[in-house]
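Let's take a friendly walk through a protein model together. Have a look at the fold first, and then read on.

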Amino acid sequence: MLEVIIETHSLTKNYGPHVALDSIDLKIRSGATGLLGPNGAGKSTLIKTLLGLIQLTSGDGSVLGYNIKTEGDMIRQRIGYMPEYDCLTPEMNAVDQVKYCGELTGMNTSSAHRRAHEVLEYVGLMEARTRQIETYSTGMAQATKLACAIVHDPQLVICDEPTNGLDTKARSFMLDTLFQVVKQGGRSILMSSHMMDDVERVCERMLMIHKGKLIAQGKIEDLKAIDREIEISVWGGADKMETGLKDAGMKPRRSGRVMRVVRIDETTYDRVLEIAAKEGVQIRRMEDYEPSLEDLFLVIMERLGYTVKTSSDLLQTQPTARAVAPAPSRPGGEF
Ligand SMILES: Nc1ncnc2c1ncn2[C@@H]1O[C@H](COP(=O)(O)OP(=O)(O)OP(=O)(O)O)[C@@H](O)[C@H]1O
Ligand SMILES: [Mg+2]
């Protein structure tokens with residue numbers, strides 16, 4: 001059993017009349033956890049409450065065993081925080097900036113200096129380390145923020161939208177680096193994002209919040225297993241195939257010549273083939289459909305009664321083509 005590093009009970013944060021976090025009960029274990037949610041979901045607010053940076057309205061919680069209401073300073077010494085906002089000093093160079101961050105956590109000057117070089121190499125900034133930060137690209141600035149967060153070798157790193165504003169190459173490098181932070185250092189990460197792919201690249205577990213409410217938490221693998229489906233592509237007779245599947249009680253979801261049915265077990269393939277033979281329909285392709293986190297998000301939102309057409313309605317991700325409508329509600333999952 002992995003150690004619980006973050007726990008909250010009925011955590012609530014109001015900004016005036018606006019409920020930004022609505023009675024959140026969390027249990028985060030060591031390892032890499034993604035905090036997913038669309039813009040305005042409450043991700044940054046949750047992170048700031050965990051760091052003891054903002055006061056709760058009600059509820060309580062702990063990070064690494066320290067109380068978030070009363071021991072925020074202890075928490076901040078022990079974790080590395082990469083905020084979403086710009087926190088760097090433009091006229092400093094990266095070495096001085098990272099060294100300064102190290103000193104703020106209590107490191108002496110010489111070890112902070114040595115560690116600054118080590119972590120800057122780690123985040124790919126060795127060559128540019130003596131340049132002023134104001135000359136940096138967004139990717140370089142984000143990498144500097146990460147270096148600041150890990151300079152004191154914290155047990156837990158909390159990153160708020162680490163890939164924000166990055167192009168494909170810089171984003172990929174950042175995600176690889178975060179993955180290594182966990183894998184090589186045996187550290188834990190909590191990273192927020194509104195990009196499903198980012199979380200999937202780095203994390204084993206995830207939390208999903210929407211409008212201040214926790215809507216799912218658990219292992220990505222388990223949450224995704226909720227939707228195991230088979231995707232079938234037919235040639236001619238798509239209507240007949242759909243009817244045949246429906247008659248067999250398989251509840252197909254269809255878009256043109258592509259349809260998906262729930263994969264009950266390995267015999268589902270045979271049943272589909274039998275139906276195709278009976279209906280005289282040619283199957284061009286049939287394979288397990290690997291749901292993306294985006295699919296999962298849509299399923300969860302539907303279960304909660306939201307009407308969601310595409311992810312871009314709710315998430316500011318790159319729009320991805322969805323050939324098939326969202327999956328119907330299904331029980332299961334860890335909520
Ligand atoms: N200081 C504040 N005063 C008033 N409302 C706030 C404040 N900070 C956040 N909010 C509101 O609380 C909600 C949650 O904001 P938060 O920044 O936590 O969302 P987020 O999930 O981090 O969004 P994003 O993906 O855009 O960073 C939003 O509706 C936001 O407008
Ligand atoms: Mg935010």
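## Pockets, strands and a metal site

The second largest pocket has a volume of about 300 Å³. This is a predicted model, in which local features need pLDDT of at least 70 and side-chain atom pairs count only at pLDDT 80 or more, while totals for chains, interfaces and linings use all residues. Residues are numbered from 1 along each chain as its sequence is written, chains are lettered from A and ligands numbered from 1 in the order in which they are written, and side-chain values use heavy atoms, with hydrogens and water left out.

What is a pocket here? On a 1 Å grid over the protein atoms alone, a pocket is an open set of points where a 1.4 Å probe fits, with protein on both sides within 12 Å along at least five of seven lines; lining residues have an atom within 4 Å of a point. Grid points are joined across faces, edges and corners, and a volume is the space filled by probe spheres set on the points.

Ala, Val, Leu, Ile, Met, Phe, Trp, Tyr, Cys and Pro count as nonpolar, Asp, Glu, Lys and Arg as charged, and the others, Gly among them, as polar.

| Pocket | Volume | Lining | Classes in the lining |
|---|---|---|---|
| Largest pocket | about 510 Å³ | 22 residues | 13 nonpolar, 6 polar and 3 charged residues |
| Second largest pocket | about 300 Å³ | 15 residues | 8 nonpolar, 5 polar and 2 charged residues |

Nearest the centre of the second largest pocket lie Gly 139, Met 140, Lys 169, Ala 170 and Phe 173. Helix 5 (138-150) and helix 6 (168-185) each give two or more residues to this lining. In the largest pocket, Arg 76, Tyr 81, Cys 101, Leu 104 and Thr 105 lie nearest the centre. Which helix gives the most to the lining of the largest pocket? Helix 3 does, with 4 residues.

Helices (DSSP runs of H or I, at least four residues) and strands (runs of E, at least two) are numbered from the N terminus. The protein has 12 helices and 14 strands.

Now for the metal. The magnesium ion (ligand 2) is coordinated by Ser 44 (OG) and Glu 84 (OE), at 2.0 to 2.6 Å. Donors are N, O and S atoms within 2.8 Å of the metal (3.2 Å for Na, K and Ca), and sites may look incomplete because water is not among the atoms. Ser 44 sits in helix 1 (residues 43-50) and Glu 84 in the loop between strand 6 (79-82) and helix 3 (94-104), 40 residues apart.

Is Ser 44 buried or exposed? Ser 44 is buried, at 14% relative accessible area, whereas Glu 84 is partly exposed, at 37%. Buried means under 20%, exposed over 50%, and partly exposed in between (1.4 Å probe, protein chains only). Of the 335 residues in the protein, 50% are buried.

Val 119, in helix 4 (residues 109-122), is also buried, with a relative accessible area of 4%. Leaving aside residues up to four places away in sequence, Val 119 touches Val 98, Ala 147, Ile 150 and Val 151; contact means heavy atoms within 4.5 Å.

An open sheet of 4 strands has the order 2-1-4-5, with antiparallel pairing. Strand 2 (18-29) and strand 5 (66-67) stand at the edges, each with a single partner strand, so one side of each has no neighbour in the sheet. Two strands pair if DSSP finds at least two bridges between them. Strand 1 (residues 4-15) and strand 2 are joined by 8 bridges, and Glu 7 stands opposite Lys 27 in strand 2.
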